[in-house]
Structure formats: C-alpha cells, structure tokens
Amino acid sequence: MGTYPNEVEGNMQLEHIIQNKVMVELSEAGFTPYRMVVGTYYTKTLNPIKVGIEGTPDLLVLKNNGEVFWVEMKTDKKGSRLRKVQEDYHKFLKSIKHRVYVVRNLEDIEKVIEIEKKEKSVCDI
C-alpha cells in the first residue's frame with residue numbers, strides 16, 4: 001500500500017484488527033463476508049497497479065437469500081471519518097438499493113447483524 005503518516009497507519013492497523021473480529025462475528029451469524037481489496041500495489045519491478053474502486057466499503061457481505069450489504073470499518077478514534085470518495089461511493093450504493101453500514105466497534109456489528117437477520121429492513125446506524 002501507499003505511505004501513510006504514522007497516525008493514519010495506526011488507525012488502519014486498528015481498523016484491520018476490528019475488521020477481522022467483525023468478519024468472525026458475521027460468519028458466526030451465518031453471513032459470508034468478503035474483504036474488498038482496494039489500493040495501489042507494486043510489482044517486483046516497482047510498477048504500480050491499482051486494484052479495486054476507490055471508496056468501496058471494506059466488506060461485501062452475502063446473505064443466504066442472495067442479498068448483499070456492505071460494511072465500512074472506522075475506529076472510535078477522533079478523526080476517523082469517511083473520506084469524500086467513500087461518502088460518494090456509499091451514496092451511489094444506496095441509490096441502487098444496497099445497504100451500507102459504518103461500523104466502529106463490535107457493538108455496532110451486533111446491531112447490523114440484528115437488522116440484517118430481519119427479512120425486510122433498511123436502516124443506517
């Protein structure tokens with residue numbers, strides 16, 4: 001990935017730890033989460049390769065009935081907020097009737113799981 005200032009790197013590491021726990025919670029609840037890979041990677045010859053669509057939420061989650069919903073991970077730390085490109089992509093996803101949740105902790109994912117286990121619900125937390 002690219003180079004980030006130390007405080008952003010720290011946030012990303014914390015988000016990654018929470019994301020792993022969230023993926024376990026979603027799996028245990030009967031959903032199938034997929035981590036979305038977005039960013040710039042480098043080949044052995046240091047040529048940059050862009051992967052994914054910038055602003056895509058961190059997780060795509062499949063339900064047994066074929067529906068999907070998205071989970072964006074953020075920390076409770078001050079300054080951990082959506083970037084403009086994320087806000088715009090979330091708005092796009094919602095315009096095509098996808099549900100997008102911003103999750104900051106394990107309590108939030110418990111709420112999402114409760115909402116998504118109901119047959120018909122559209123809700124933001």
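1. Confidence. The average pLDDT of the protein chain is 85, and 85% of the residues reach a score of at least 70. Among the elements, strand S4, covering residues 59–62, has the highest mean pLDDT at 97, while helix H1, covering residues 6–28, has the lowest at 76. Residues 1–9 have a pLDDT below 50, and this stretch makes 7 contacts in the model beyond near neighbours in sequence. Where pLDDT is low, the predicted coordinates should not be read in detail.

2. Overall make-up. The protein chain contains 3 helices and 6 strands, and read from the N terminus its elements follow the order α-β-β-β-β-β-α-β-α. Of its 125 residues, 35% are buried, and the accessible surface amounts to about 8,300 Å², with 54% of that area belonging to carbon and sulfur atoms. When contacts between residues at least 6 apart in sequence are considered, 54% of them join residues at least 24 apart.

3. With 12 residues, H2 spans 16 Å from its first C-alpha to its last, which is close to the 16 Å expected at 1.5 Å a residue. Its buried residues are Gln 86, Tyr 89, His 90 and Leu 93, and because they cover an arc of only 105 degrees around the axis, they lie on the same side of H2. These buried residues pack against strand S5 (68–73) and strand S6 (99–103), whereas Lys 84, Lys 91 and Ser 95 are exposed on the other side of the helix.

4. Gln 86. This residue belongs to helix H2, which runs over residues 84–95, and Gln 86 counts as buried because its relative accessibility is 5%, where the cut-off for buried is under 20%. A polar atom of the Gln 86 side chain lies 2.8 Å from the backbone nitrogen of Arg 83. Leaving aside residues up to four places away in sequence, Gln 86 touches Gly 55, Glu 72, Lys 74 and Arg 81.

5. Asp 88. Asp 88 is also found in helix H2, but Asp 88 has a relative accessible area of 39% and is therefore partly exposed. The C-alpha atom of Asp 88 is separated by 7.5 Å from that of Gly 55, although the two residues are 33 residues apart along the chain.

6. Lys 97, after the helix. H2 is followed by Lys 97, which has its place in the loop between H2 and S6. The phi angle of Lys 97 is near 70 degrees, a positive value in a residue other than glycine. With a relative accessibility of 70%, Lys 97 counts as exposed, since the cut-off for exposed is over 50%.

7. Leu 46, in another loop. A positive phi in a residue other than glycine is also found at Leu 46, where the angle is near 65 degrees. Leu 46 sits in the loop that lies between strand S2 (39–42) and strand S3 (48–51), and because its relative accessible area is 63%, Leu 46 is exposed.

Notes: Residues are numbered from 1 along each chain as its sequence is written. This is a predicted model: local features need pLDDT of at least 70, side-chain atom pairs count only at pLDDT 80 or more; totals for chains, interfaces and linings use all residues. Side-chain values use heavy atoms; hydrogens and water are left out. pLDDT is the predictor's confidence in each residue, from 0 to 100. Helices (H or I, at least four residues) and strands (E, at least two) are DSSP runs, numbered from the N terminus. Contact means heavy atoms within 4.5 Å. Buried means under 20% relative accessible area, exposed over 50%, partly exposed in between (1.4 Å probe, protein chains only). A polar contact is a pair of N or O atoms within 3.5 Å; within protein, one must be able to donate a hydrogen and the other to accept it, and residues adjacent in sequence count only if both atoms are side-chain atoms. Accessible areas come from the Shrake-Rupley method with a 1.4 Å probe; for residues, only the protein chains shown count as cover. The expected span of a helix is 1.5 Å times one less than its number of residues. The arc is that of the directions from the helix axis to the C-beta atoms.
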